[in-house]
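Thanks for coming. I have one structure to go through this morning, so please look at the screen.

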Amino acid sequence: MVFNQDRGIHLHLFIRKYKEIDGKTEPYIYIGKGNTVEYEGEKLITVTMELENDVLASLCTEFTKRV
């Protein structure tokens, strides 16, 4: 995951805003392909990715507004 570009590995990003709503598990939403630009940690890592394409404005709004 950390050296995906060097190793020819394609990373696909799926995210969800909430794990559950009203006891029902929420689905993940496909955001697109990306590449690791930096990481932190060892066994549990935090990864910063750069997406290959822009995220749709409607998805940006959905994931950044408070409900």
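How many helices and how many strands make up the secondary structure of this chain? This is a predicted model, and in it the chain has two helices and five strands. Read from the N terminus, the order is α-β-β-β-β-β-α.

Next, the overall form. The radius of gyration is 14 Å, while the globule rule gives 11 Å for 67 residues, so the chain is more spread out than a compact globule. Along the principal axes, the C-alpha trace spans about 40 × 30 × 15 Å.

Now the surface. What share of the 67 residues is buried? The figure is 12%, where buried means under 20% relative accessible area. The chain exposes about 5900 Å², and 51% of that area comes from carbon and sulfur atoms.

On contacts, take the pairs of residues at least 6 apart in sequence. Of the contacts between them, 34% join residues at least 24 apart.

On charge, the chain carries 9 positive and 11 negative charges.

Where does Asp-22 lie? Asp-22 sits in the loop between strand E2, residues 20-21, and strand E3, residues 24-25. Its phi is positive, about 55°, although Asp-22 is not a glycine. Is Asp-22 buried or exposed? Its relative accessibility is 81%, so Asp-22 counts as exposed, the cut-off being over 50%.

That is the end of my part.

How values were computed: Residues are numbered from 1 along each chain as its sequence is written. This is a predicted model: local features need pLDDT of at least 70, side-chain atom pairs count only at pLDDT 80 or more; totals for chains, interfaces and linings use all residues. Side-chain values use heavy atoms; hydrogens and water are left out. Helices (H or I, at least four residues) and strands (E, at least two) are DSSP runs, numbered from the N terminus. The radius of gyration is taken over C-alpha atoms; the globule rule is 2.2 Å times the number of residues to the power 0.38. Buried means under 20% relative accessible area, exposed over 50%, partly exposed in between (1.4 Å probe, protein chains only). Contact means heavy atoms within 4.5 Å. Accessible areas come from the Shrake-Rupley method with a 1.4 Å probe; for residues, only the protein chains shown count as cover. Lys and Arg count as positive and Asp and Glu as negative; His and the chain ends are not counted. The place of a charge is taken as NZ of Lys, CZ of Arg, CG of Asp or CD of Glu.
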